Amino acid sequence: MELNDLSPCPWPESVMAGDFDENSDVGISYLGAFSTGAGKKLLGYAVLGREKGEGLLMALMVRPELRRRGIGAQLLAAVGDCASYLGFVRLRLRVRRSNAPALALYRGMSFVQRSVSRRYYADGEDAIVMSARLPLENRP
Ligand SMILES: CC(C)(COP(=O)(O)OP(=O)(O)OC[C@H]1O[C@@H](n2cnc3c(N)ncnc32)[C@H](O)[C@@H]1OP(=O)(O)O)[C@@H](O)C(=O)NCCC(=O)NCCS
């Protein structure tokens with residue numbers, strides 16, 4: 001929840017709480033990146049769902065003070081592995097047009113633009129729809 005609150009598009013708490021309900025059957029996977037040693041602090045997380053027969057990267061978030069150390073790329077690679085394991089051949093995602101760090105990360109791991117969803121976000125910004133064939137290329 002703490003990391004979700006720092007996201008460019010935070011999810012309602014009730015949605016995340018529902019996903020973690022042990023009786024939930026929403027077919028969504030949460031992947032966490034943790035520090036080693038005592039404490040096991042959560043460094044970042046990603047969420048994998050499905051859309052149109054493809055895996056869907058629903059969220060990717062790294063603690064602001066720990067960015068640019070390869071954690072996002074490792075999480076994305078893990079999402080790709082998880083999606084392959086679940087039988088998906090492609091992984092898709094949406095990203096804000098202005099999100100240069102995320103766009104650079106996705107392009108670097110072989111995602112290409114498929115379409116644009118005009119005014120997709122509540123503030124009117126467009127979403128770029130990207131997808132990549134699995135397994136992802138250039139993974140760390
Ligand atoms: C996008 C995000 C997950 C990247 O995580 P990260 O751990 O900083 O990314 P990495 O260190 O693994 O970066 C991997 C590559 O992505 C690109 N990249 C990442 N951040 C970048 C930045 N600020 N500027 C330019 N390129 C960047 C680089 O190519 C980088 O490789 P390099 O460091 O060897 O040059 C992180 O910035 C974040 O949590 N942002 C807020 C949430 C968000 O926007 N999520 C995406 C929603 S679609």
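1. Let's start at the ligand. Sorted by class, the residues in the shell around the ligand are 12 nonpolar, 5 polar and 3 charged. In total, 20 residues surround the ligand, and the closest are Arg67, Gly72, Ala73, Pro101 and Ala104. Two or more residues of the shell come from each of β3, α3 and α4. The largest share belongs to α4, with 6 residues. Please keep in mind as you read on that this is a predicted model.

2. Now step back to the whole protein. You can count 4 helices and 6 strands. Starting at the N terminus, the order of the elements is α-α-β-β-β-α-β-α-β-β. The radius of gyration is 15 Å, close to the 14 Å that the globule rule gives for 140 residues, so the protein is as compact as a globular protein of that length. Along the principal axes, the C-alpha atoms fill a box of roughly 45 × 35 × 30 Å.

3. Of the 140 residues, 21% are buried.

4. Which residues of α3 are buried? They are Gly72, Leu75, Leu76, Val79, Gly80 and Ala83. Viewed down the helix axis, the buried residues of α3 fall within an arc of 145°, so they line one face of the helix. Their packing partners are β1 (29-34), β2 (42-51), β3 (54-62), β4 (90-96) and α4 (100-108). Just after α3 comes Gly87, with a positive phi of about 100°.

5. You will find Arg68 in the loop between β3 and α3. Its phi is near 65°, a positive value in a residue other than glycine. Is Arg68 buried or exposed? Arg68 has 8 C-beta neighbours inside 10 Å, so it counts as exposed; the cut-off for exposed is 12 or fewer.

6. Finally, visit the segment after β6 (127-133), where Pro135 is found. The peptide bond leading from Leu134 to Pro135 is cis, and its omega is near 0°. Asn138 also lies in the segment after β6. Although Asn138 is not a glycine, its phi is positive, at about 60°. Asn138 counts as exposed because it has 10 C-beta neighbours inside 10 Å.

How values were computed. Residues numbered from 1 in each chain as written. Predicted model: local features only at pLDDT ≥ 70, side-chain atom pairs only at ≥ 80, totals over all residues. Buried ≥ 20, exposed ≤ 12 C-beta atoms within 10 Å, placed from the backbone. Arc of directions from axis to C-beta. Contact = placed C-beta atoms within 7 Å. Near = placed C-beta within 6 Å. Nonpolar A, V, L, I, M, F, W, Y, C, P; charged D, E, K, R; others polar. Rg over C-alpha atoms; globule rule 2.2 N^0.38 Å.
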